[in-house]
Structures are given as C-alpha cells and as structure tokens.
Amino acid sequence: MTGQIDIHSQLKKYFGYDSFRPLQEEIIRSVLDGQDALVIMPTGGGKSICFQVPAIVFSGVTIVISPLIALMKDQVDGLNANGISSAFYNSSQDSREQSEILKKVRERDLNLLYVAPESLSLLSNVLSEEYVSLVAVDEAHCISSWGHDFRPSYQRLSFLKTKLPNTPIIALTATADKATREDILEQLSIPKANRFVSSFDRPNIEIDVRPGLDRIKHISRFLKDNTEESGIIYCLSRKSTEDLSEKLTKRGFESRAYHAGLTYEERTKVQEDFINDRIKIVCATIAFGMGIDKSNVRFVIHYNLPKNIEGYYQEIGRAGRDGIDAQALMFYSFADVVQLRKFTEGASNEEVQISKIERMQQFAEATSCRRKVLLSYFGEELSKDCGNCDVCKNPPEFIDGTIIAQKALSAVFRANEGESLNTIVDVLRGSRNSYILSKGLDRIKTYGSGRDFSWFDWQQYIIQLANQGLLEIAFHKYNALELTPLARKVLFEGMKVKLTIPQRRDEVKNKKERKESTDPRKSGLFERLRALRADLAKEKSVPPYVIFSDATLKEMEKYVPRTAASFLEISGVGAHKLEVYGELFLNEINSYLNQQKKEKAHTSTVSFELYNEGKSIEEIASIRKLQTSTIVSHLCKCFLEGKTVNMAALVSPEEVEMVRKQKENLGNPNELKPYYEAFEEKIPYERIRAALTVLMKE
Ligand SMILES: [Zn+2]
C-alpha cells in the first residue's frame, strides 16, 4: 500500500525538503508497511523524519518515547510550527491539560505524542491499537545495560509489543555497538525488526587537531574568525570550564560555564540561553549537549583530549546538524594523556579505558586523513581521503629522522632513563636552567647537540618517537622517558627512522584564506533574515531554528525568492511555513533589494564626487578599494544621468569610432565580451564601456 502514498509530497509540504537523506525513505516505507525497525543513525543524520513522516500518514497517533524531557518541548514546538499536530505528556501538566490531550488522541486529532517512559502508565486508557498507529522509541540505547547511558525506566518497555502486537515499533539511536543493538531488539521483543545502519560520516564538519600550546590564544583567534556563531567548548573539569569562560569573557567573547556542579535552575538557564541564541559560547563539561537539539551549532572545541573516540565523535556531532559547514577543533598535549590515565587508576575496567585513551591518542597523532581513522573506528571504510581535515589540507612531510632519533634516544639513555620530555628537550638544546645544572645534565655527551632545532620541534619529534614505539612514558615514574627494545635497534644496529616535519599553524595565512573566501553567512541579507527570525522567535517563545534553520536562510540568500512560488521552492519551506512566515520574509527580502539598489546608486555618486575633486580614476579606485573598471562604470552611469563627465579622458574618439563599427557588425549585443573578443582583447573592457556610453548619449 505504501507505493500509493506520495511520501515525497508529504516531506515537501510539512518539512519543506525536496529529497530524503540517505536511508530515510527505505525506513519510512518499511514502517508504513507495518514492520518493526531498528535505526542506527549518527546525530544530525535526520532520525526524527523516519517516524514523523509515517506519523502524518497514519490515521492514529504515533507515541514517541524519549528520555529527554527537556528536548520534548522543542521538538513539539518544531512540529507544530510545521503544521503537524503534536503534544507532549508528562506529570507536570495539570489534569485539564492532560485530559485535553487524551481527548485529542481519541478523536484522532493528534499526529504525535511525546512521552517519557515513566509516564507511559498514565496513558494506559489510550494505549490500544484503536488509537495508536506507531510507537517510536528514541535514544533506544538507554534500554541496554551494555550501552553508555543505561536508564532503568527503559527496561519496562517490552510490554508494548504484548499490548500492541500489530503496531509497528521503530527504535532509534545514534550510538550502539553490536551487543547493544541485539539487546535493544530483545528488550523490545522485536527480533525480526528491519535493521538500518546509516553512515557515520558527517562530511560538513571540518576536523582539526592542534598541539595544546597557547590554547587561549588559539581559541581567541578562532572566535574572532567566527563571531556571531554558536559553539561549545568542552573542558575536562568543572573548574576549567569556569576559568576558561572567565578568560574568554574578559577578552570580549561573552561565554558561560556549564557543569554538573551548578544548580538545576542555573543549568537550565544556560541551556535555554544557548538554544535561543542569547549566548553564543558555552564552556562545558561533557554533561552539556545531551538534551540539546540545536541545529546551528557552528563549532565544537575540545580544550583537552577527550577520553575516548565514541565521546569525541558524539560531541563534535552536535555541530552542523543543519548540514552547513561546521568546525571541530581539538587541542592535544601529553599532559592531557597523563591526566586522563590518572583518572582511570583503580577503575574496574581500567584496561579498557586505557586502550580507549590510546586509540584517542593515535587519532590525535594521525599522519593520514583523520576522518578515515575515525570512521574505521566505527567499522566504516572511507574510499577517498576526506579533504576536510587538517591532515588532508596540510599533509605532513616525511624526512629521514634517523640522526634526530639517535640524538634524542641517546639523551634519554645518558640521562639514565629518569628524566621527563621537557628535561630531555632542555638537554638537547643546551639549556642552562637550574634543574639541568643541579643534576649535572650539562656534562652528558649529548648536551647541546640539538641547538639547531626549536623547543617546539624537539617536543614534537620526541612525541613522534613515542608514538612509533621507540620511547615509553613511565606514567608512574613522574613521566620519565624510557627506551624500548626497538630504540636500541636505532641506537646500536643502524635502524632507520622516518619522521614528519613538525607543523606550526600558519595562522596569518589561514585567516587570510578565510577572509577571501566569500562566506555567504556573513553577507547582509543573511544577517537581516537572521534578525527577523530572532524577533519572531522571541515573539513566539520558540528557539530561532524552529522557525527556519540557518541552512534555509542561506538558501534564501542564495536564490533570493521574490514570490510565494519561489519562496516555496526553498529547502525547509513547507506549505504551512509559507502561510505563516512567507509574507514577512518576502517583505524583508524585497526591502533588502531596494536598499541595495539605493546603495548602488549612491556608490556611483561617491565616485563622481571624488572625480569632481580632481582625483584620477586610479586615485579614486585606490581610495575606494575598488577596481578602476568599477570606477569607470560609475562615471559612465553619472554621465548618462546628465552629470558632467569628461568622457574624452576615458576613451579616445578613434576608439569610439571602432566600437561604433563593431556595434553594427555584432548586431548591438548587450554584453561587453563580444566587443572585447572582436578587438582581440586589445581594448580593455572599461574603454569599451565608456565608448558605448558615449554612443548611447548621441
Ligand atoms: Zn581528511
């Protein structure tokens, strides 16, 4: 029967999208066929659509079970904003509200009803196949004690299949290993569910890992390049979230700290201010983000190395959920590793945790495409390098590092394998600090043999040696460097070592590149639409992205719709939103276009005034930072409007005659290019324009 239902037109009508994202259509068809489904999709992959579209098609209600009560209101707001009748049900509502909702269910007046598992029992009167068409279990990994976020209330859900044997159940999660997947199916009694595992790749997130030096400076520069954008900075401890937030705020980047030590009210306030774009930057522990469905988070920064790849990937997945470019920046230092390893001491699964830290460290030290490393961790192969990570953009240069390695290893050997990385670098560089002198390290043979490399380079080389298994860091002996058996092969048996040249980020260059690339998010129309959206969001007390996502505003800016029909073609604009917001946004776009026109008219007047002051074309161009051809076109425009411009200074009478002839030959084309080509590129565009202007005035 699903063949007859046009789910594409439902998608366009209610969500404004022209096409489904990978797997969504297959999943929806399977659900509409009445089959159970297990959906594994990364955060931001578009999970909700998989049950929301069937919910519109089905005549009964779709019950959505979710542990994230904080998130329910936003989701319901978002659905209602799209014209989809939705509600949530919980114990905070009064009995009148509750019975109103139940009445709607019985009258088949509700498409979706969100409920936390502990409130399900309150719905027992309507939990029958007469009213319920579909059950969606969101964040389904909470069901499994194998998962990382187990919730006991989720374990009582097996009754659903007994009570509603013919109603399809769809279980959805962003993270589930094999054991958890099987557990979900078993606990929900849906062993025959169709399984859908979508790609974990999020190509719009740029991945960048930098050495953990001068973090505040690097973050400040990063934020300067990303003003007006929302982002999260993850820190390891409560205290560091507060310290960082204070430092950034002092530098003019207003931010808030968020951690489990704050009161419930304080945390809710930070979260809501962030969702509603009232604050842009949150410095948080990993407690932050679980209940946040904010589509326009543009960056996620890790101030320290995270403790495992699962967590890291989930956290960066909170950026760019609207599909537009987003950035994930991570800082990494050896001190982070030391601290993380300390945290694991004495834990029951210490070994598992340590191996996870080691995988994280390998990711941070990767010399090949980082996205490949990440996805292979999740069992997925990427056929090509991604081109959107720091390694792809700045591939490391390999050199023969045998002599460098010998110097460093020899220094470690002569310091009796009892000194830390910093001290070994000091020895190599011949530092005369009091520690070196007091320990007599200035008398060993390798002292000062590495003066030709900077401190930074040596530090990076030694880290590479450790990663290649030539050095070990004795975490229990004040992080002293020790030689491995492999190191002895380098020292005594002539084994060769390959190293990569340490890269310091050339930030000036990066910044310049970014400035030059035209970022449509920064242009005038986008800002105006964003401001309008903010006003509307405030008026309706919903988060701005519930009205339109950044991706939708960006499309409006790109295609500049001026009619209702063209507005409806924008991705993210459905019939309901056209009706509610169409006129407001179209008015804003038209008023922007009118203003542009005026400014254009004005800009030629500015050039003309400078011209009247006696400035040359070149001088005007340099003052206004415009091309000379632009200035000439301004003056031509003024000439046509009747202002006095000495056209003979812009083009010779001979050239005017040549252009006149070509104009006849070419059949009076609208463009300048045919003239330019006809003259074999010998007369520049600006003189052709001037000549045509003279001819036009005749
Ligand atoms: Zn890459």
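The legends below describe close-up views of a predicted model.

**View 1. Domain layout of the predicted chain.** The domain assignment divides the protein into domain 1 (2-197), domain 2 (205-332 + 361-379), domain 3 (398-500), domain 4 (519-604) and domain 5 (614-697). Between the C-alpha centres of domain 1 and domain 5 the separation is 65 Å.

**View 2. The open parallel sheet of seven strands.** The strands are arranged in the order E3-E4-E2-E5-E6-E1-E7, and their pairing is parallel. The edge positions are taken by strand E3 (86-89) and strand E7 (194-197); each has a single partner strand, so one side of each lacks a neighbour in the sheet. From one strand to the next, the twist averages 20°.

**View 3. Strand E3, its partner E4 and the helices packed on them.** E3 runs parallel to strand E4 (residues 112-115), and four bridges join the two. Within this pair, phenylalanine 88 is placed opposite tyrosine 114 of E4. Helix H4 (residues 69-81) packs on the sheet and touches both E3 and E4. The direction of H4 makes about 165° with that of E3. Helix H5 (residues 95-106) also packs on the sheet, where it touches strand E2 (61-65), E3 and E4. For H5, the angle with the direction of E3 is about 130°.

**View 4. Glutamate 139, a residue with positive phi.** Glutamate 139 belongs to the loop between strand E5 (132-137) and helix H6 (159-163). Its phi is near 50°, a positive value in a residue other than glycine. Is glutamate 139 buried or exposed? Glutamate 139 has 22 other C-beta atoms within 10 Å; the threshold for a buried residue is 20 or more, and glutamate 139 is therefore buried.

View 5. Of the ten residues of helix H24 (residues 550-559), seven are buried, so the helix is largely enclosed by the rest of the structure. The buried residues are Asp550, Thr552, Leu553, Lys554, Glu555, Met556 and Glu557. Their cover includes helix H22 (524-540) and helix H26 (575-612).

**View 6. Valine 560, the residue that follows H24.** Valine 560 comes after H24 and is located in the loop between H24 and helix H25 (564-568). Although valine 560 is not a glycine, its phi is positive, at about 40°. With 13 other C-beta atoms within 10 Å, valine 560 is partly exposed.

**View 7. Serine 591 on helix H26.** Serine 591 is part of helix H26. This serine has 11 other C-beta atoms within 10 Å; because a residue with 12 or fewer counts as exposed, serine 591 is exposed. Serine 591 and leucine 525 are separated by 66 residues in sequence, and the C-alpha to C-alpha distance between them is 10.0 Å.

**View 8. The crossing of helices H29 and H31.** Two packed helices are described by the angle between their axes and the distance between the axes. The axes of helix H29 (residues 653-666) and helix H31 (residues 685-697) come within 9 Å and cross at roughly 80°. H29 is therefore roughly perpendicular to H31. On the H29 side, the contact is made by Glu655, Val656, Val659, Arg660 and Lys663. H31 contributes Arg687, Ile688, Ala691, Leu692, Val694 and Leu695. Classed by residue type, the contact of H29 with H31 has seven nonpolar, no polar and four charged residues.

Definitions and conventions: Residues are numbered from 1 along each chain as its sequence is written. This is a predicted model: local features need pLDDT of at least 70, side-chain atom pairs count only at pLDDT 80 or more; totals for chains, interfaces and linings use all residues. Two residues are in contact if their C-beta atoms, placed from the backbone, lie within 7 Å. Two strands pair if DSSP finds at least two bridges between them. Axes are lines fitted to C-alpha atoms, for helices over the stretch in contact, and angles run from 0 to 180 degrees between N-to-C directions. Angles under 35 degrees count as roughly parallel, over 145 as roughly antiparallel, 65 to 115 as roughly perpendicular and the rest as oblique. Ala, Val, Leu, Ile, Met, Phe, Trp, Tyr, Cys and Pro count as nonpolar, Asp, Glu, Lys and Arg as charged, and the others, Gly among them, as polar. Domain bounds come from an automatic or database domain assignment.
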